[in-house]
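Here is a briefing on one protein model. Please look over the sequence and fold before reading on.

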Amino acid sequence: FRNSSVKKLGTLGHQVRKLPKLVNEIRRIDLTDIDLVISDCEPVTANAAYLNDVPCVGLGHHYSFQYDVPKGSPYELFMMYFKWGLSSFLTNDLALHYHHFDYPILPPLIDTAQLDDIAAISSVTPGKILVYLNFETVDDVVKMLEPYKDSGYEFHFYSPLFEEHTTIGNIHCKPRCREGFKKDMAECEGVITNGGFMTSSEVLYLGKKLLVKPANGRSEQIANAISLEKLGWAMAMDRLDSNVVGEWLQHGPRKKMPYPNVAERIADWITEPGQTWQSKSQLVNDIWQEIEQSSTHNATHTP
């Protein structure tokens, strides 16, 4: 990843050079006395489970792309890998996405308890915007936000490139801090971020307006942006654009998704007595019915 973009040929060359190590690690894994392997879309454990005839359940966002969900054309090669590669090694998959799109897909895995606790002790600050563009240069982000220095908005910009908290006008530049980041997310009106699945899912859970800019060359992030726009839950931009930011600040959509504790439900499903991990339909249906009921209840009681 260089100059804010994935270098595909460089990545391919790096992976080819590591192929012997990959094969060696697959062979070295000892699955003696292992009842189930849970793989987050990585080939070492999935292949080892397949070779040792051990059940394997895939758990992660990437598994959703084997279904006809919104995605960009770069996913064609990825889909070939899934249909004829890794997915054939699985006993079942637990795919995750913002929405089910009428497929057996689960909601995101997020720490709902932590977000609820932080939101309970935080109040929304008018004009506060959280900015987390981990794959962009600091200068480019600052340049994008500069036209709004006298707008009344305060931008809280997190980046691993910052060593200490500094201020550039109304842009508060902050180094990585998990607790501070979550607090600012709870207090802000909206979030500008790349197209990563977890951060955008947390924003939806908290009901903040969302603007995403997928990292260049990251097919998953491009697909996430397409999905969010098609659902009408967020705005997206394919480059850092001050004009899009201005439109979003004034008219950006807002969606609150009452996702439950999906991790707890999955753990219960995995450990059911006599579970063979073959069927997930009841698990998926129960969770989405709960979300629908919660959404209906909240809409009914909104003043």
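Helices (H or I, at least four residues) and strands (E, at least two) are DSSP runs, numbered from the N terminus. This is a predicted model: local features need pLDDT of at least 70, side-chain atom pairs count only at pLDDT 80 or more, and totals for chains, interfaces and linings use all residues. Residues are numbered from 1 along each chain as its sequence is written, and side-chain values use heavy atoms, with hydrogens and water left out.

**Helix 3**

- Helix 3 spans residues 43-51, and its buried residues are Val-44, Ala-46, Asn-47, Ala-48 and Ala-49 (buried: under 20% relative accessible area, 1.4 Å probe, protein chains only).
- Those buried residues pack against helix 2 (19-28), strand 1 (37-39) and strand 2 (56-60) (contact: heavy atoms within 4.5 Å).
- Glu-42 caps the N-terminal end: a side-chain oxygen sits 2.9 Å from the backbone nitrogen of Val-44 (a polar contact is a pair of N or O atoms within 3.5 Å; within protein, one must be able to donate a hydrogen and the other to accept it, and residues adjacent in sequence count only if both atoms are side-chain atoms).
- Just after helix 3, Asp-53 has a positive phi of about 55°.

- An open sheet of 3 strands has the order 1-2-3, with parallel pairing (two strands pair if DSSP finds at least two bridges between them).
- Strand 1 and strand 3 (92-95) are at the edges with a single partner strand each, so one side of each has no neighbour in the sheet.
- Strand 1 and strand 2 are joined by 3 bridges; Ser-39 has Gly-58 of strand 2 as its bridge partner.
- Helix 3 lies across strand 1 and strand 2, at about 145° to strand 1 (axes are lines fitted to C-alpha atoms, for helices over the stretch in contact; angles run from 0 to 180 degrees between N-to-C directions).

**Helix 11**

- Val-262, Ile-266, Trp-269 and Ile-270 are the buried residues of helix 11 (residues 262-270).
- Seen down the helix axis, they fall within an arc of 95°, so they line one face (the arc is that of the directions from the axis to the C-beta atoms).
- Asn-261 caps the N-terminal end of helix 11, with a side-chain oxygen 3.4 Å from the backbone nitrogen of Ala-263.
- Helix 11 lies across strand 1, strand 2 and strand 3, running at about 165° to strand 3.

Conventions
Buried < 20%, exposed > 50% of the residue type's maximum accessible area, 1.4 Å probe, protein only.
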